[in-house]
Amino acid sequence: MNRYFEFAKQGTTLKKESLAGLTTFLSMAYILFVNPLILSDAGMDQGAVFTATALSAAVGTLIMGIIAKYPIALAPGMGLNAFFAYTVVIGLGIPWELALFGVFMSGIIFICITLLGVREKVINAIPAELKYAVAAGIGLFIAFIGLKGAGIVVGDEATLVGLGSITSPLTLLASFGLIVTAILMVKGIHGGIFYGMLITAVTGIIFGLIELPSGIVGAVPSLAPTFGSAFSILGEVEWTTQLTVQLIIVILTFLFVDFFDTAGTLYAVANQAGYVKDNKLPRAGRALLADSSATSIGAILGTSTTTAYIESSAGVAAGGRTGFTSVVTALLFLAAMFFSPLLVVVTETVTAPALIIVGVLMASSLRLIEWNKLEIALPAFLTVVAMPLTYSIATGIAIGFIFYPITMLVKGRGREINPIMYVLFFVFIAYFAFLGE
C-alpha cells in the first residue's frame with residue numbers, strides 16, 4: 001500500500017491519510033441527509049435515495065482514490081440534485097425515473113468525451129464568465145430553497161415572495177441553526193456544515209420540535225424503489241417531440257454543469273495538494289473518468305449526478321496527499337449506510353442552514369466576473385438572477401447563453417466567440433420555443 005500510493009514520495013503517512021479521509025467525510029457527510037430530502041420532493045423514496053447516495057459516493061470516491069490516486073471525494077452534487085428535483089421533475093413534469101435516465105446518459109456522454117480527449121475543446125468553448133455565473137446562480141437557487149425551507153421566505157400574493165413568521169418555532173430553530181453553522185464555518189472548523197446540522201437537530205429534539213429517532217443504527221434501506229428505474233420507465237413513457245427535446249436539454253444541462261464543476265474542483269484541490277505542475281493536471285483523464293463513471297452508476301442506483309466535492313480541500317488541508325485519503329472516505333460512506341434511522345430528524349428545518357451556507361460558498365465565484373464590461377456583465381447577471389426567480393437552473397443557463405453572443409457581437413467582439421456558443425444559442429432558442437407550446 002505504501003508503495004502503490006507513494007506515501008514517502010508525497011511526504012505523508014498512513015496516519016495522516018486516514019485522518020484526512022475522516023476530515024473529508026465529516027465535511028461532506030451532510031449530503032447523506034440533504035440529498036434524500038431534496039429528491040423526495042421529486043417523489044423518490046427517501047430511504048432508497050439515502051442508500052443510493054452512500055453507495056454512489058463510496059464507489060465514485062473509491063475509483064478516484066485507486067485509479068486516479070487523488071485525495072478527492074465524490075457524491076451526488078448540490079445544485080444538480082436541486083435541478084433534478086425542482087426544474088426537471090417538478091418544473092418540466094418529467095417523471096423522476098426518466099430524469100434518472102437523463103443523468104445516466106450524461107454520464108455515458110461524459111465517459112465518451114473523456115476517452116476521446118475532447119474535454120479541453122468543450123471547456124474552452126464556454127466563456128469563463130458564464131461558468132462563474134452558472135455556479136453562482138446555482139448557489140443563489142440553493143440558498144433560496146434553504147430560505148424557503150426555513151420559513152424565512154414565503155409566498156405572497158401581492159409581492160410574490162415575502163418575509164415569513166420569524167417568531168414561528170421552526171423558523172426560530174432554522175435561524176438558530178444558520179447562526180451556529182455560520183459561526184462554525186467562519187471559525188474554519190472542518191465539518192462545520194455537518195456539525196451545524198447535528199446541533200440544530202439535537203436542539204429541535206430537546207424542544208420537542210423534531211421527532212426523536214427510534215434508534216441510531218439500523219438496517220440499510222432497500223434500493224428496490226429506485227434501482228434500475230432509469231431503464232424500466234423507457235417503454236412506459238408516451239414520447240412526444242416536446243418531451244424528447246426537453247430530455248435532450250436536460251441531458252446537456254446535467255453534462256454541462258457536472259463537466260465544469262468537476263474540472264474546477266479537480267484543478268483547485270489538486271493545486272492545493274501540490275499536483276499541478278506547469279499549469280498541467282496529471283492523470284486528469286483518470287479523474288474525469290472516475291467522475292463520469294460514478295454519475296452513471298449513481299443513476300442506476302437511484303440518485304442524481306455524482307460529482308467531485310470541493311469539501312475535499314478540507315482533507316487536503318489536514319494532510320491528505322494521495323488516493324488513500326479517498327479510500328478512507330469511501331469506506332466511511334459505506335459504514336454510514338447503517339445510520340439511516342437518523343433520517344427522521346433531518347427535516348427541512350435542519351437542512352435549511354446547510355443549503356444557505358452551501359449557496360454562499362457557490363456564489364463566491366461572482367467575484368471573478370468582469371462587472372465593468374456590460375457585454376459580459378449582462379448575460380452573467382441574467383444567468384444568476386433568473387435561476388432563483390424562475391425556480392429553474394436550466395432557464396438561467398438558457399437566458400445567459402442566448403444573451404452572450406448578442407452582447408458580444410454588438411460590442412464588436414464576435415471573433416472571441418467560439419462557434420460552439422452559436423450552436424448553443426440556437427439550441428436554447430429552440431428550447432424556449434418548445435416550452436412556449
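**Entry 1: ground rules.** I call two residues in contact when they have heavy atoms within 4.5 Å of each other. Helices (H or I, at least four residues) and strands (E, at least two) are DSSP runs, numbered from the N terminus. This is a predicted model, where local features need pLDDT of at least 70 and side-chain atom pairs count only at pLDDT 80 or more, while totals for chains, interfaces and linings use all residues. Residues are numbered from 1 along each chain as its sequence is written, and side-chain values use heavy atoms, with hydrogens and water left out.

**Entry 2: helix 9 and helix 10.** Which residues of helix 9 meet helix 10? I found Leu173, Phe176, Gly177, Val180, Thr181, Leu184 and Met185 in helix 9, facing Gly192, Ile193, Tyr195, Gly196, Ile199, Thr200, Thr203 and Gly204 in helix 10. I sorted this contact into eight nonpolar, seven polar and no charged residues. (Ala, Val, Leu, Ile, Met, Phe, Trp, Tyr, Cys and Pro count as nonpolar, Asp, Glu, Lys and Arg as charged, and the others, Gly among them, as polar.)

Next I looked up the geometry. Helix 9 (residues 169–186) packs on helix 10 at an angle of about 150 degrees, with the axes 8 Å apart. Axes are lines fitted to C-alpha atoms, for helices over the stretch in contact, and angles run from 0 to 180 degrees between N-to-C directions. Helix 9 and helix 10 are therefore roughly antiparallel. (Angles under 35 degrees count as roughly parallel, over 145 as roughly antiparallel, 65 to 115 as roughly perpendicular and the rest as oblique.) The crossing of helix 9 and helix 10 is right-handed. (A crossing is left-handed if the near helix is turned anticlockwise from the far one by less than a right angle, and right-handed if clockwise.)

**Entry 3: helix 10 and helix 16.** I followed helix 10 to another partner, helix 16 (residues 348–363): their axes come within 8 Å and cross at roughly 155 degrees. So helix 10 and helix 16 are roughly antiparallel, and helix 10 passes helix 16 in a right-handed crossing. Ile193, Met197, Thr200 and Ala201 of helix 10 touch Thr349, Val350, Thr351, Ala354, Ile357 and Val358 of helix 16.

**Entry 4: helix 6 and helix 13.** Here I read an axis crossing of roughly 160 degrees, within 8 Å, between helix 6 (residues 96–116) and helix 13 (residues 284–301). Helix 6 and helix 13 are therefore roughly antiparallel. Helix 6 passes helix 13 in a left-handed crossing. The contact includes Leu100 and Phe104 of helix 6, and Leu288 and Asp291 of helix 13. Its residues divide into eleven nonpolar, eight polar and one charged.
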